Amino acid sequence: MVEYQDSRIRTIRNAPLNSVEFGSVYNSKTEPGRRQLRRTGSDALVLPVLLALAVMAFCAAMWSTRLGPGVCPDSTAYLQLARSEPVTLQISHTHFPPLYPLILRAGSWVAGSELRAGRVMNAVLFALNVLLVGVLLYRHARVSLWTGLAGTLLFIFYPDSLNIHTMLWSEPLFIALTLAGILSGANYIVRQRTFDLVATCVLLGLALLTRYAGVAAIAAISLGILVLSNEMGLRRLAKASVFAAFSILPTLLWVLFAGMQDDSRARMLVWHPITPEQIAMGLKVVSTWFLPYQWSGPWSGLMMIPILVALLLAGFLKGGKTERGRATVMYLLTFFILFYIFMLALSISLADAHTLLNNRILSPVLTTGIILVFCVLHALRTPEGRHWGRQILELLLFLVILLQGQRCAQYIADLRRSGQEFTSAQWRDSEILERVRHLPKGLRIYSNVPELVVFCTARDSKSVPFIESPITTRDNERYRTELLSMTAEIHKGNACVVYFDAMAWRTYLPTKAELASQEGITAIYTGNDGVILANDTTP
């Protein structure tokens, strides 16, 4: 008996850390031991496979942006802030956090321009995010090599993933910092190392300086420390509080500094609850993650929610308590998704009523959701044999990977051929923009998309008057006065209106018909892409 206990103790002491940490004794004659041997053999393949997938993601992003990264109105704001002189003083409003414009500015010193810097940086971030997804799945969630490979491939194949990494947006940087912060936070909860807590604080502090939604990740890790850590109750509460305070501190200081510089551009907090149309858009986006486009819609997205919740609960009940590393990652990802959705609803209802629950805004949910789904799938495994329920799930996920792979291939081909948004061939060859370039110097240009005019023609432009505020949805009490003032300028030959038909999504602006109906205004140009409204004497 003594000899048996001594040999068992020696076995545990000599076993790899992971086999002890996750509750199994390393013994080649047992099933856990055989799985450990198989895993040790597959470890050698993990790094080469992940690096190959990362290179593939980088090449896909660079290949598809032949015409340049996609640029939208938010992108032009980032570019304007990045080009400000000096940049640290010109970022004097709190609508956009400062980190992404600052990195664009720094990258332009190497790449030669903010556009080139943004294109390369987002391609690099695509590769980095692929590595982070793979590391979270394989090294910390402890899934098998093939499960991790499938999850990483699915992240690459989603057109939404490629879209955010080929647009000049802050989402790629935000997702990279968030994933790294969740990885570091999970390491801290499992291993209780101070270095991991400090690293998590720094990473998520930077994520908050990239997007205000980073507060969801800070809340998720704080809650994880409170409910998942092995430390005493008061000690957990103290560490969670200190972590949250120091993570938020840089952004808080910047908001206070920017508010003192110019508080007129700060976001106003006004209650305007999220609308059914916004919820329907979000549900439709969720449905496209799983279904063909012709089957997607708000109702199909709504039906997917209870299925996903049931799958998540089954994963926690089956495997959430057996392996602490995987359970920690699953809990943190779930906390983040819930807090992120809550923060979106709160932001729309208080800060920015015009926020759309589109593919871009929901991309952090997609990325973390992929990791969570594959963690759950692996947790539902049965060591003694394959279960028919898990086989069905694997088949469905295989079909989703094929579907998204086909979509991604088509998306890359279209993107390389035509570009997207302001850098697309549509606007490079636009007749209306060519006319705008030849308008008389000094003529004030009003537009429903002034950012497009500025970006493509380098001419100053100003928005037509707002009917209501897109931020608060409150009526613009000065709308009639501003409209009459603009009309008077046009009558005098000092201004014109450039209206883009393809960009008529700003419902808080007057329509083309309403602008054209103003007395003394005529269309001096009418084309497939829009109209130019001016007086008869404007050339």
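Axes here are lines fitted to C-alpha atoms, for helices over the stretch in contact, and angles run from 0 to 180 degrees between N-to-C directions. The model is predicted: local features need pLDDT of at least 70, side-chain atom pairs count only at pLDDT 80 or more, and totals for chains, interfaces and linings use all residues. Residues are numbered from 1 along each chain as its sequence is written, and side-chain values use heavy atoms, without hydrogens and water.

Q: How are α11 and α12 oriented to each other, roughly parallel or roughly antiparallel?
A: Helix α11 spans residues 194-210 and helix α12 residues 214-228. Their axes come within 7 Å and cross at roughly 155°. Angles over 145 degrees count as roughly antiparallel, so the pair is roughly antiparallel.

Q: Which residues of α12 meet α11?
A: Contact means heavy atoms within 4.5 Å. From α11 come L197, T200, L204, A207 and L208. Their partners in α12 are G214, V215, A217, I218, I221 and I225.

Q: How many nonpolar residues does the contact of α11 with α12 have?
A: Ala, Val, Leu, Ile, Met, Phe, Trp, Tyr, Cys and Pro count as nonpolar, Asp, Glu, Lys and Arg as charged, and the others, Gly among them, as polar. The contact has no charged residues and 2 polar ones. The nonpolar count is 9.

Q: What is the distance between the end C-alpha atoms of α14?
A: Helix α14 covers residues 276-288, 13 residues. The expected span is 1.5 Å times one less than the number of residues, so α14 should span 18 Å. The model agrees, with its ends 19 Å apart.

Q: What share of the chain counts as buried?
A: Buried means under 20% relative accessible area (1.4 Å probe, protein chains only). In α14, the buried residues include L283, V285 and V286. Of the 539 residues of the chain, the buried share is 51%.

Definitions and conventions. Helices (H or I, at least four residues) and strands (E, at least two) are DSSP runs, numbered from the N terminus. Angles under 35 degrees count as roughly parallel, over 145 as roughly antiparallel, 65 to 115 as roughly perpendicular and the rest as oblique. Buried means under 20% relative accessible area, exposed over 50%, partly exposed in between (1.4 Å probe, protein chains only).
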